[in-house]
Amino acid sequence: MQNPSFSSFPHRLALVLGSGGVRSIAALGIAERLAREGIRPDLVVGCSSGALFGAQVAQGMHGEEAVRLATTLWSAELTQQRRWRAYLQLIAPRLAGFGEGFALRDDRLIAERIGNAFGDTRLEHLPTPLRVAATDAATGQAVVLTQGRLVDALRASMAVPILFPSVRIGGRRLVDGVLSDPLPLAAAADARVVLSLGFFGGLPRRVDRVSRLVAQTSTTLINNLMQARTEAAQARGQKLIGLELDLERPVSLWETAAMPALFEAGWRAAEARLLDIVAALEAAQAPERELTFIE
């Protein structure tokens with residue numbers, strides 16, 4: 001586990017994928033369209049679901065086979081593995097041992113599915129480097145994982161507090177990367193060109209229950225954090241090309257039936273910015289003054 005300093009532009013093209021639920025599968029369509037032109041990112045950075053689908057890109061998975069596998073990695077049933085003891089912990093916290101590891105759901109099925117897909121693969125052994133964004137639960141600090149078991153890194157990046165248990169890696173208790181960096185552009189500061197796919201969350205139309213009030217508050221915070229991170233990256237001088245999905249309707253976080261359409265939307269998003277991408281990569285080949293970015 002590392003919070004590395006990135007310098008000297010060792011990477012030509014990075015694909016940065018934010019947290020967006022099932023929408024993040026568009027990364028597979030983006031990678032597929034770029035590959036048609038002989039363009040492949042030599043660095044992938046992901047947060048939460050973006051890390052999950054980014055791992056498929058980094059592993060070199062593509063096409064219909066990759067979409068089929070994605071349906072096993074991201075489905076509503078993964079959030080339905082209840083921990084019955086959690087309800088007792090809520091009612092009688094001292095008696096049932098409420099603590100920092102509290103979670104309403106069991107994540108063993110998630111670990112099993114990721115393990116089936118990637119086995120014992122380690123981050124440092126992927127064909128394309130993958131950096132996974134997580135959050136230190138004790139300090140709130142953003143953490144970038146670059147080494148270690150892929151299964152553990154992905155579990156940590158998707159460990160939504162209260163819903164799923166935190167994951168201990170390298171002596172740190174880690175939770176969902178969305179809390180500290182929902183679009184981890186700083187983790188790709190050593191790339192000459194950065195393609196980003198981020199998602200602003202929609203606010204509830206009505207606030208008529210506690211869950212919607214919580215959603216309104218958390219979504220507002222995440223949206224503002226993502227905007228601030230993007231502006232900071234631009235101020236650092238990063239060459240950013242933002243990709244946007246053209247969707248006919250809103251897609252919910254766990255709507256796996258929309259995966260094929262999201263794959264196509266990713267393809268179209270890459271195609272729409274293809275000329276800009278090619279021009280940016282050509283410009284990046286020109287000699288330029290080296291800059292150093294420290295996260």
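Me: How do the residues of the lining of the largest cavity divide by class?
Reply: Four are nonpolar, none is polar and two are charged, where nonpolar means Ala, Val, Leu, Ile, Met, Phe, Trp, Tyr, Cys or Pro, charged means Asp, Glu, Lys or Arg, and the others, Gly among them, are polar. This is a predicted model, in which local features need pLDDT of at least 70 and side-chain atom pairs pLDDT 80 or more, while totals for chains, interfaces and linings use all residues. Residues are numbered from 1 along each chain as its sequence is written, and side-chain values use heavy atoms, without hydrogens and water.

Me: Which residues line the largest cavity?
Reply: The lining of the largest cavity consists of Asp107, Ile110, Arg155, Met158, Ala159 and Phe164, each with an atom within 4 Å of a point on a 1 Å grid where a 1.4 Å probe fits but cannot get out.

Me: And what volume does the largest cavity have?
Reply: The volume of the largest cavity is about 40 Å³, and the count of cavities of 30 Å³ or more comes to one.

Me: Switching to pockets, how much space lies in the largest one?
Reply: The largest pocket, an open set with protein on both sides within 12 Å along at least five of seven lines, holds about 1,600 Å³. It is lined by 48 residues, of which Ala215, Ser218, Thr219, Ile222 and Leu253 are the closest to its centre.

Me: Which helix gives the largest share of that lining?
Reply: That is α8, with twelve residues.

Me: What about the classes there?
Reply: The lining of the largest pocket divides into 30 nonpolar, 13 polar and five charged residues.

Definitions and conventions: Points joined across faces, edges and corners; volume = space filled by probe spheres on them. Helix = DSSP H or I, 4+ residues; strand = E, 2+ residues; numbered from the N terminus.
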